[in-house]
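Trainee: Please pick one part of this model and look at it closely. Then connect it to the rest, in plain steps.

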Amino acid sequence: MIKKSLGQLRVKKIHAETLHQYIASRKEAGKSNGTINRELDVIRGTLKWAERWSLMGEAVKNLPPGETIGRAFTPEEKTKLLTTAKQKSEWQNARLALILALNTSMRPSEIKSLQWRDVDWLERSVSLRMSKTAAGIRTIPLNSEAYSAILELRERSVDAFGADLAREWHLFFSSHGKMDPLRPVGHWRKAWKAIMKAAGVSQARFYDSRHTAVTDLLQNPNVSEEVAKAIVGHVSRRMLERYSHQRMNAKRAAVAALAPTPAPEAPSQAPAQAENENAAPSYN
């Protein structure tokens, strides 16, 4: 898009207003602030090389980071994606990664880094030794869906490389050209886009499967925030606050259990708040 919009201009013809117009056109096209900022980084680098950025740098600033933290799939979307992903064998990596993400909250990078040494068959768990944050280094129990996916990955590795799985082999191994268990898969982007299109699910990233898992955990009244955070690793404050009101019933039940007697009936009309917030409440 940069080349299409600015590629025909001489560097000397690019001014602050030119970039303001470019930013406006990208916003109109629905591009996120993050995408536009990355494009500005490229433009900035070119203009610095041409010794032109100092003439406009003060007038052209990066946009504020977006507030979006992803979206969660609806139950219907999850069913469509999982059912559709079974249709083609070349979608196996994306399908199994999707199952693991939805049932463990692992990030795509964490899934790709998994090696057989990380799987505890007796405990039915996986241990993440590498993550984007210190809080991401954690051990996650495997539910029945995730465990079945791990078994399918094991069967695939056995078929491809033999019965004796090496500890350092990757569960999702590279198959670009020659299969290599010592190298992780690069990506499953093409398969994911094809699955979404076939399932009729739009405006979604694979990373949203993690957001879906986090959402399901935080909306479950039987799962405490501490347990949810231990499973998913780092959870932003905004993510927790988004679901705080939905967890109020669980919190209310928890504090009610501390009282030896049931709470009295609520008054028919709430007491009026004092006009002076600093004044002491008055009781009749």
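Mentor: Gln203 counts as exposed, because its relative accessibility is 72%. Gln203 sits in the loop between α8 and α9. Helices here are DSSP runs of H or I with at least four residues, strands are runs of E with at least two, and both are numbered from the N terminus. The phi of Gln203 is positive, about 55°, although the residue is not a glycine.

A word on the ground rules. This is a predicted model, where local features need pLDDT of at least 70, side-chain atom pairs count only at pLDDT 80 or more, and totals for chains, interfaces and linings use all residues. Residues are numbered from 1 along each chain as its sequence is written, and side-chain values use heavy atoms, with hydrogens and water left out.

Rings of Phe, Tyr and Trp (its six-membered ring) pair if their centres lie within 6.5 Å; planes under 30 degrees apart count as stacked, over 60 as edge-to-face, and the rest as tilted. By this rule there are eight aromatic pairs. For Trp192 and Phe206 the centres are 5.3 Å apart and the planes stand at 85°, so the pair is edge-to-face. Trp192 is buried, at 5% relative accessibility. Phe206 is buried as well, at 8%. Both rings belong to one aromatic cluster, together with Phe73, Phe172 and Trp188.

Trp188 has a charge over its face. Lys112 lies there, 5.2 Å from the ring centre. To count, NZ of Lys or CZ of Arg must be within 6 Å of the ring centre and within 35 degrees of the ring normal. Arg124 does this with Tyr147, at 3.8 Å from the ring centre.

Now follow helix α8 to a pocket. Residues 189-199 make up α8. This helix gives four residues to the lining of the second largest pocket, the largest share. A pocket is found on a 1 Å grid over the protein atoms alone: it is an open set of points with protein on both sides within 12 Å along at least five of seven lines, and a lining residue has an atom within 4 Å of a point. The volume is about 470 Å³, where volume means the space filled by probe spheres set on the points, and the points are joined across faces, edges and corners. In total, 20 residues line this pocket; Glu90, Asn93, Ser175, Val185 and His187 lie nearest its centre. By class, the lining has eight nonpolar, eight polar and four charged residues. Nonpolar covers Ala, Val, Leu, Ile, Met, Phe, Trp, Tyr, Cys and Pro; charged covers Asp, Glu, Lys and Arg; the others, Gly among them, are polar. Besides α8, the elements α5 (92-104), α7 (144-161) and β4 (173-174) each supply at least two lining residues.

Take β4 next. Two bridges join this strand to β5 (residues 180-184), and the two run antiparallel. Strands count as paired if DSSP finds at least two bridges between them. Phe173 stands opposite Pro184 in β5. The hairpin of β4 and β5 has five residues between its strands, and Gly177 takes a positive phi near 80° there. Ser174 is in β4 and is buried, with a relative accessible area of 4%. From Ser174 to His187 the C-alpha distance is 9.1 Å, over 13 residues of sequence.

Return to Arg124, and compare with where you began. Arg124 is also a non-glycine residue with positive phi, near 50°. This residue lies in the loop between β1 and β2. Arg124 is partly exposed, at 41% relative accessible area. Three strands form an open antiparallel sheet here, in the order β1-β2-β3. The edge strands β1 (119-120) and β3 (139-141) each have a single partner, so one side of each is left without a neighbour in the sheet. Strand β2 (residues 125-127) pairs with β3 over three bridges. Val126 has Ile140 in β3 as its bridge partner.

Technical notes. 1 Å grid on protein atoms, 1.4 Å probe; cavity = no way out; pocket = protein on both sides within 12 Å on 5 of 7 lines; lining within 4 Å. Buried < 20%, exposed > 50% of the residue type's maximum accessible area, 1.4 Å probe, protein only.
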